Amino acid sequence: MKGETLTDVIVVDGGAAGMMSAIAAAEEGAKVLLLEKNEKLGRKLAITGKGRCNVTNDCDLQTLMENIPNNARFLYGAFSRCLPSDIKAFFESLGVPLKTERGRRVFPVSDKAADIVNALQKRLAELHVEIKRENVRSLFIENGAVRGVNTHNGQIRAKAVILAAGGKSYPKTGSDGFGYTLAKQAGHFIVEPRPSLCPLVTVETWVGQAVGLTLKNVAIKLTCDNKPIYEDFGELMFTLDGVGGATVLSASAHIPNGMESHCALEIDLKPALSEKQLDSRILRDFESLRGKPFSESLRKLLPRELVEPFAELTGISPDKKVDEINKNERKILAKTLKSLTFHIKSFRPIVEAIVTRGGVSVKEISPKTMESRLCSGLFFAGEMIDVDAYTGGFNLQIAFSTGKLAGVSSANLVKNI
Ligand SMILES: Cc1cc2nc3c(=O)[nH]c(=O)nc-3n(C[C@H](O)[C@H](O)[C@H](O)COP(=O)(O)OP(=O)(O)OC[C@H]3O[C@@H](n4cnc5c(N)ncnc54)[C@H](O)[C@@H]3O)c2cc1C
C-alpha cells in the first residue's frame with residue numbers, strides 16, 4: 001500500500017500527552033513516530049497559563065487526587081509512576097528552571113510556556129523520535145489489534161499506537177474531538193464531552209452592560225439547589241452574556257453534570273467588610289454627599305459600569321437624594337453588595353472551555369498500562385480520556401503522567417512481540 005512504513009510505536013499527536021508518551025517510549029528503547037496535524041507541536045501547551053504554562057502543582061499524591069473531581073482513582077497507576085516531583089525534576093533536567101507560586105502552582109522561571117514546548121522538542125530530537133506532519137484519518141485494526149494508522153498520505157504500520165489527540169476545547173489548537181472518532185472505531189464508548197473550567201451564561205442579562213469589566217478581589221460562592229458547593233476569592237470578569245475569569249472557571253468545574261440551571265453564583269463585592277462595617281461606610285459616604293443623588297454614592301462603592309445596574313437591583317432611584325434613603329434601603333444596598341446573585345443558565349460552548357470533561361470511558365482502559373481493554377496495542381493518554389481536574393497545573397500533570405505510562409507500556413509491549 002502507498003506510503004506504508006513500519007515502526008514500533010506511533011503517537012497520534014504532538015500535544016503535552018503525546019510528546020511525553022513519545023519521549024517515554026523512546027527512552028525505553030522503542031522506535032517512535034509522532035504524527036501531528038499542526039505545523040508546530042504543542043500549540044495548546046504554548047498558550048497554557050496565559051502563556052506562562054502552569055506546568056504542574058507541587059503537591060503530594062493525596063492533594064493531586066483531591067483536585068480531580070472525575071475518575072481520580074483511575075489515575076492512581078499513572079501518578080504512582082509520575083508525580084509532580086517527577087515532572088519538576090524532568091523539566092529541570094532539560095534545563096528549564098521552575099518556580100512555585102501561590103497555590104503551589106509551578107511555572108518556568110522565565111514565565112514562558114514556549115520554554116516547556118522547546119524542552120520537550122529538544123528531548124524528542126535527542127531520542128531520535130521521528131516527527132511527521134500528518135492528519136490521522138483512521139486506525140488500522142486487524143483481528144482485534146491495532147496495526148497502525150491511515151493518514152491522507154497512506155498507511156503507516158506500527159506494533160502499538162498511542163492516541164493522545166486531546167478533547168474538544170480550543171479546537172483552533174488542533175484538539176477538535178476527532179480523537180473520539182478514532183477511539184470509537186476501536187469500539188470505545190465516549191462519555192459525552194462537556195465543558196469544564198468554562199465561562200458561564202447567566203439568567204441576568206444586565207451583565208452585558210458591564211462587558212469587559214474585571215473585578216480583582218471578590219469572594220464568590222457557588223450554590224446548587226441553594227446548597228453551597230464551592231467558594232473562592234479572586235478575579236471575576238463580565239462577559240456579553242454572563243461571567244468568566246479565574247474564580248468562575250474554577251467554580252464551573254464544581255457544577256454537577258446537568259445541574260447548571262440549578263446553580264447560582266453569589267458575589268461578595270466587599271469581602272473585607274462585614275455587613276455592619278459596610279453600613280457604617282455607606283453612612284459615611286452619604287454624610288459626605290448630602291443633597292447629592294444616590295448614583296453618586298454608588299460611584300464611590302463601585303466601578304462606573306455597575307452603577308446603573310446596581311441602582312436598578314436595589315430598587316432605589318439613581319436620582320434619589322442620599323439623605324432621603326432610609327435604613328431599610330441602606331440595608332438592601334449592603335445586602336446586594338455582599339451577595340450579588342447570578343443565576344446560571346448554561347455553560348458557554350465547549351470550544352471556550354479550558355478543558356473537556358468526558359471522553360474515552362475509563363472502564364475500557366487498563367489503569368495499570370493505559371492500554372485499551374478492547375483493542376490490543378492501542379493506548380490512550382491525556383485529555384481525550386474521561387478525566388479532568390481543577391485549575392492549578394493538575395490537567396497538565398494528568399497529560400504528562402498518563403503520557404508517561406502509555407509510552408512506557410507501549411514500549412514494553414513492543415519488546416514482547
Ligand atoms: C487557554 C488554556 C490554558 C490552559 N492552561 C493550563 C495550565 O496552565 N495548566 C494546566 O495544567 N492545564 C492548562 N490547560 C489545560 C491543558 O492545556 C490540557 O489539559 C492539555 O494540554 C491536554 O493535553 P493533551 O496532549 O491531552 O491534548 P492537546 O494539548 O489538546 O493536544 C492534542 C493534539 O492532538 C492533535 N491532533 C488531534 N487530532 C489529530 C489527528 N487526527 N491527527 C494528528 N494530530 C491530531 C492536535 O493538533 C493537538 O496538537 C489549559 C488549556 C487552555 C485551553
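Modeller: Helices (H or I, at least four residues) and strands (E, at least two) are DSSP runs, numbered from the N terminus. This is a predicted model, in which local features need pLDDT of at least 70, side-chain atom pairs count only at pLDDT 80 or more, and totals for chains, interfaces and linings use all residues. Residues are numbered from 1 along each chain as its sequence is written.

Colleague: How many bridges join β4 to β5?

Modeller: Strands of a sheet pair through backbone hydrogen bonds, either parallel or antiparallel. Two strands count as paired if DSSP finds at least two bridges between them. Here β4 (residues 98-101) and β5 run antiparallel and are joined by four bridges. Within this pairing Lys 99 stands opposite Phe 107 in β5.

Colleague: Which strands make up the open sheet, and in what order?

Modeller: The open sheet has three strands in the order β3-β5-β4, with antiparallel pairing. β3 and β4 stand at the edges with a single partner strand each, so one side of each has no neighbour in the sheet. Strand β3 (residues 56-57) pairs with β5 over two bridges, and Asn 57 stands opposite Arg 105 in β5.

Colleague: Are the faces of β5 covered or uncovered?

Modeller: For burial, count C-beta atoms placed from the backbone: a residue is buried if 20 or more others lie within 10 Å of its own, exposed if 12 or fewer, and partly exposed in between. Both faces of β5 (residues 105-108) are covered, with Arg 105 and Phe 107 buried on one side and Val 106 and Pro 108 buried on the other.

Colleague: Which residues have the most contacts inside the largest nonpolar core?

Modeller: A nonpolar core is a set of buried Ala, Val, Leu, Ile, Met, Phe, Trp, Tyr and Cys residues joined through C-beta atoms within 7 Å. The largest one has 127 residues, and Val 9, Val 12, Val 161, Ile 162 and Leu 163 have the most contacts inside it. Helix α13 (residues 394-415) gives the largest share, eleven residues. Domain 1 and domain 2 both give residues to this core, so it lies between them.

Colleague: Which residues come nearest the ligand?

Modeller: A residue is near a molecule if its C-beta atom, placed from the backbone, lies within 6 Å of it. Of the 40 residues around the ligand, Asp 13, Gly 15, Gly 166, Gly 174 and Gly 382 come nearest. Helix α13 gives the most to this shell, with four residues. Ala, Val, Leu, Ile, Met, Phe, Trp, Tyr, Cys and Pro count as nonpolar, Asp, Glu, Lys and Arg as charged, and the others, Gly among them, as polar. By these classes the shell has 17 nonpolar, 17 polar and six charged residues.

Colleague: Is Phe 189 buried or exposed?

Modeller: Phe 189 has 12 C-beta neighbours inside 10 Å, so it counts as exposed. Phe 189 is in the loop between α7 and β10. Leaving aside neighbours within four places in sequence, Phe 189 is in contact with Ser 361 and Glu 364. The C-alpha atoms of Phe 189 and Ser 361 are separated by 5.8 Å, although the two are 172 residues apart along the chain.

Colleague: What does the secondary structure of the whole chain come to?

Modeller: It comes to 13 helices and 18 strands. Of the 417 residues, 47% count as buried.

Methods: Domain bounds come from an automatic or database domain assignment. Two residues are in contact if their C-beta atoms, placed from the backbone, lie within 7 Å.
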